[in-house]
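Here's a walk through one model, region by region. Have the viewer open and follow along.

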Amino acid sequence: MTSPFVSVIIPAYNEEEYIKKTIHTVMELPYHKEVIVINDGSVDHTEDILITLNQIYPEPELYLILLKKNQGKGQALARGIDKAKGDIFVFLDADLGDTIYYATKLIEPILESVCDMTIAIFPSVMKKSGYGLVKKLAQHGIYKFTGFKCLAPLSGQRAMKRQVLSAIKRLNNGFGVEVGLTIDALKRGYHLTEIEIPFSHRETGRDLSGIMHRGKEFFQVLFTLLLKWRMTE
């Protein structure tokens, strides 16, 4: 019996510091797979690094989608999904570095048909990276729509069967993509499991840049929830 084909989809925006280690490590995952990286209009050296990596891992091992303008996470993922051929889809962030290898913990329950989608719960951090408003908004919204108490509503590290995305058909834009994906999957009767995984990535701080990032994230999650509410009217 042929083993399931895994499509790993990684959106990247200004990840020159992490992308090389992330890609080298993800290529070591022990699956029949393809890795699709979407450079979402980066203005640093992310694209140059990816092009160099593509010489080491040529298509179909590593497939690059190079967007000239930033389109947001939801659109970047959608572009990757359009190209993906897998039976299992895995969404991972570009700043996971060598901890991306722990994606096996997301993939194995799907291979074993334990559930339809897995979501990674990151370890607790000593340093506070935000004010928790976005997470609370996302948790409350998911619970109101589905009755599911989600511990990691904003986690972008997920694995799922192809049929889940086929049923949903369209992802929400921007930072609302994870919340929308969780709601849509649950409302269609799919079984989700959250798993504690020792991933590590760049933390958003409480400086001006971090506050602006959290503000943008808050309004995009709110917009996604309002859109879901309008669709249920």
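## Ground rules

For linings, Ala, Val, Leu, Ile, Met, Phe, Trp, Tyr, Cys and Pro count as nonpolar, Asp, Glu, Lys and Arg as charged, and the others, Gly among them, as polar. The model is a predicted one: local features need pLDDT of at least 70 and side-chain atom pairs pLDDT 80 or more, while totals for chains, interfaces and linings use all residues. Numbering starts from 1 along each chain as its sequence is written, and side-chain values use heavy atoms, with hydrogens and water left out.

## Pocket and cavity

Pockets and cavities come from a 1 Å grid over the protein atoms alone: a cavity is a set of points where a 1.4 Å probe fits but cannot get out, a pocket is an open set with protein on both sides within 12 Å along at least five of seven lines, and lining residues have an atom within 4 Å of a point. Points are joined across faces, edges and corners, and a volume is the space filled by probe spheres set on them. Helices (H or I, at least four residues) and strands (E, at least two) are DSSP runs, numbered from the N terminus.

The second largest pocket holds about 310 Å³ of space. Its lining has 14 residues, with Asn172, Asp184, Leu227, Lys228 and Met231 nearest the centre. Helices H7 (177-187) and H8 are the elements that give two or more residues to this lining, and H8 gives the most, with seven. By class, the pocket lining splits into four nonpolar, five polar and five charged residues.

The largest cavity comes to about 40 Å³, and Leu77, Phe91, Gly156, Arg158, Val177, Glu178 and Leu181 line it. Here H7 is the top contributor, with three residues. The cavity lining is made up of four nonpolar, one polar and two charged residues.

Buried here means under 20% relative accessible area, exposed over 50%, and partly exposed in between (1.4 Å probe, protein chains only). In helix H2 (residues 46-56), the buried set is Thr46, Glu47, Leu50, Leu53 and Asn54. These residues span an arc of only 120° around the axis, which puts them on the same side of H2; the arc is taken over directions from the helix axis to the C-beta atoms. An α-helix has 3.6 residues a turn, so residues three or four places apart point the same way. Contact means heavy atoms within 4.5 Å, and the cover over H2's buried residues includes strand E1 (6-12), helix H1 (19-26), strand E2 (33-40) and strand E3 (62-67).

Which residues of helix H4 (residues 104-111) are buried? They are Thr104, Leu106, Ile107, Pro109 and Ile110, and they pack against E1, strand E4 (88-91), E5, E6 and E7.

## Phe pairs and the loops around them

Rings of Phe, Tyr and Trp (its six-membered ring) pair if their centres lie within 6.5 Å; planes under 30 degrees apart are stacked, over 60 edge-to-face and the rest tilted. That rule gives two aromatic pairs. Phe122 and Phe199 make a tilted one, 5.8 Å centre to centre with 45° between the planes. Phe122 sits in the loop between E5 and H5 and Phe199 in the loop between strand E7 (192-196) and helix H8 (208-232), so the pair ties together parts 77 residues apart in sequence. Phe122 is partly exposed at 24%, whereas Phe199 is buried at 3%. Phe218 and Phe219 form an edge-to-face pair, 5.6 Å centre to centre with 85° between the planes.

Pro123 is in the loop between strand E5 (117-121) and H5. Not counting residues up to four places away in sequence, Pro123 touches Ile197, Pro198 and Phe199. Pro123 and Pro198 are 75 residues apart in sequence but 5.9 Å apart in space, C-alpha to C-alpha.

The Glu59 to Pro60 peptide bond is cis, with omega near 5°, and Pro60 lies in the loop between H2 and E3.

Ser113 has a positive phi, near 60°, in a residue other than glycine. Ser113 is in the loop between H4 and E5 and is exposed at 52% relative accessibility. Lys169 also has a positive phi, near 75°; Lys169 is in the loop between helix H6 (162-168) and H7 and is exposed at 76%.
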